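Here's a walk through one protein model, taken a piece at a time. Have a look at the sequence and the fold first, then read on.

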Amino acid sequence: MAGIVLVGAQWGDEGKGKITDLIADDFDYVVRYQGGNNAGHTVIHGGRTLKLHLIPSGIMYPHITPVIGNGCVIDPGVLIEEMDRLEADGLSTHRLLISCNAHLIMPYHKDLDGASEHRLGKAEIGTTRRGIGPAYMDKASRLGIRVQDLQDEHILAQKIEASLSEKNDILSKVYGLPTYTVEQIMEEFRPYAERLKPHIAETSAILNRALASDQWVLLEGAQGTLLDLDHGTYPFVTSSSPTAGGACVGSGVGPRRIDRVLGIAKAYITRVGSGPFPTELDDTDGRKLIEVGNEYGTTTGRERRPGWYDAVIVKYAVEINGLTDLIITKLDVLSAFDTIKVCVAYEYDGHRYNSLPCHQTAFHHAKPIYDELPGWKTDITGCRTFEELPKEARDYITYIEDLAEVPVAMIAVGPSREQTIMRRWESRP
Ligand code: GDP
Ligand code: IMO
Ligand code: MG
């Protein structure tokens, strides 16, 4: 049995797509367990650059069954577009399985996401405006429309009608927006239903059978620990659970099936959207991280907010997810710096915080306490073993490892899959 969870240990965009693609060859199933097309994973495979939003990063391998789990929210139009794009690129999507229990993002969810952000004004969350939050709201309030509803036109129309009786009032009376008719949405959704029907399956049963017969299942997170609805920097979070516990809920695989939990962290840190960010750099070092690291969002194209590596956050991610391994990406980007800072604690109101403060006010105003390490100022993109890295780079990794108290299993030194140092990964026998 090998059930492995891969999560983001920061605020997303840690390079989850690259690492999933790198180890995917060993797996029979790669599963997305939460989120929707707010995710943007860039995978460079066989000389091609693929940008994936909903489809798991294992899609490139003909022997892998990619699965969109019950914990995801799916915009069917966007999913079909992504499937068409991959097919046009010569990648077959016929094996894709979609959980019958995953929820659908409806057109009004996208309107409400934008309208609610607009209403918040300066207090906006900075969402991707893809309808993610409103779709999860409907799920929690038990008004959601699920993938299985696409299988029965009569039921689909009934559920849309029930939902519209409330949504049209909110759209028109609260936000002054146009309303929808059932037929209008049915017209859009009938072709979606026809196209997606062959992919709909009871995916948790399939995954549990696979694990019981010693097949390998990789549960691929989107977003990151600090964007988790429960454990992140609420309210500046996404509306699902990217953490390892969410992998079980969002796939229907029990915790005893999970053998290893891999946490991905950049050698520095970025975030997209609003919210507190103690090590944020609004200076020439920050600009350098953006330019050298090419820190522009895969989904919305927004410039990411850059900052120094925050060891307090990564230690928190180690605990919340029960990480067994840390994977450090984008170490090459730090080659541009003479010295490199690492945040080891925060200071607020005369107190030192060695772990995340409980109250959001303290985190909002937290001043980072830094250690400064020497840089290496050498191109490391060609290094393939730990020993080949310059001493300062090895020391940086060892330092991060000591602070996180978990081993660094892999180090990425460039965007392509070959540009990776494998320290602790035993491929499937
Ligand atoms: P994800 O959302 O966690 O999958 O991450 P994204 O794909 O949104 O963002 C990570 C970006 O960094 C992508 O453009 C990757 O191609 C790139 N990347 C991943 N690892 C490395 C690395 O080690 N070095 C460099 N320079 N780029 C990397
Ligand atoms: P990947 O999978 C970075 C952020 C948004 C916003 C907040 C809520 O590529 O790491 P939402 O649209 O989810 O309601 O927005 O979450 N966000 C991400 N930031 N990477 C992502 O995904 C993100 N998905 C959502 O910017 O601050
Ligand atoms: Mg991303």
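Predicted model: local features only at pLDDT ≥ 70, side-chain atom pairs only at ≥ 80, totals over all residues.

Ten strands make up an open sheet with mixed pairing, and their order is 9-7-5-2-10-1-11-15-19-20. At the edges sit strand 9 (200-201) and strand 20 (420-422), each of which pairs on one side only.

On one side, strand 2 pairs with strand 10 (residues 216-220) in the parallel sense, over four bridges. Strand 5 (residues 65-68) is also joined to strand 2 by four bridges, and that pair runs parallel too. Take Arg32: Glu220 stands opposite in strand 10, while the bridge partner in strand 5 is Ile68. For Val31, the partner in strand 10 is Leu219. Is strand 2 buried or exposed on its two faces? Both faces are covered, with Tyr29 and Val31 buried on one side and Val30 and Arg32 buried on the other.

Now for helix 10 (residues 311-321). Because eight of its eleven residues are buried, helix 10 is largely enclosed by the rest of the structure. The buried set is Ala311, Val312, Ile313, Val314, Tyr316, Ala317, Val318 and Asn321. Asp310 caps the N-terminal end, placing a side-chain oxygen 3.0 Å from the backbone nitrogen of Val312. After the helix comes Gly322, with a positive phi near 60°.

Next, the metal. Which residues coordinate the magnesium ion (ligand 3)? Asp13 (OD) and Gly40 (O) do, at 2.0 to 2.1 Å. These two residues come from distant parts of the chain, 27 residues apart: Asp13 is in the loop between strand 1 (2-8) and helix 1, and Gly40 is in the loop between strand 2 (29-32) and strand 3. Asp13 has 22% relative accessibility, so it counts as partly exposed. Gly40, at 10%, is buried, because the cut-off for buried is under 20%.

On to the second largest pocket, which has a volume of about 630 Å³. Its lining has 27 residues, and those closest to the centre are Thr42, Gly293, Arg304, Lys330 and Pro415. Helix 1 (16-23), strand 3 (41-45), strand 4 (48-52) and helix 9 (284-293) each give at least two residues to this lining. By type, the lining residues split into six nonpolar, twelve polar and nine charged.

Finally, the backbone. Most residues other than glycine have a negative phi, and most peptide bonds are trans.

| Residue | Phi | Place | Relative accessibility |

Key: Residues numbered from 1 in each chain as written. Chains lettered and ligands numbered in written order. Heavy atoms only, no water. 1 Å grid on protein atoms, 1.4 Å probe; cavity = no way out; pocket = protein on both sides within 12 Å on 5 of 7 lines; lining within 4 Å. Points joined across faces, edges and corners; volume = space filled by probe spheres on them. Nonpolar A, V, L, I, M, F, W, Y, C, P; charged D, E, K, R; others polar. Donors = N, O, S within 2.8 Å, 3.2 Å for Na, K, Ca; no water. Buried < 20%, exposed > 50% of the residue type's maximum accessible area, 1.4 Å probe, protein only. Pairing = 2+ DSSP bridges. Polar contact = N/O pair within 3.5 Å; in protein donor to acceptor, adjacent residues only side chain to side chain.
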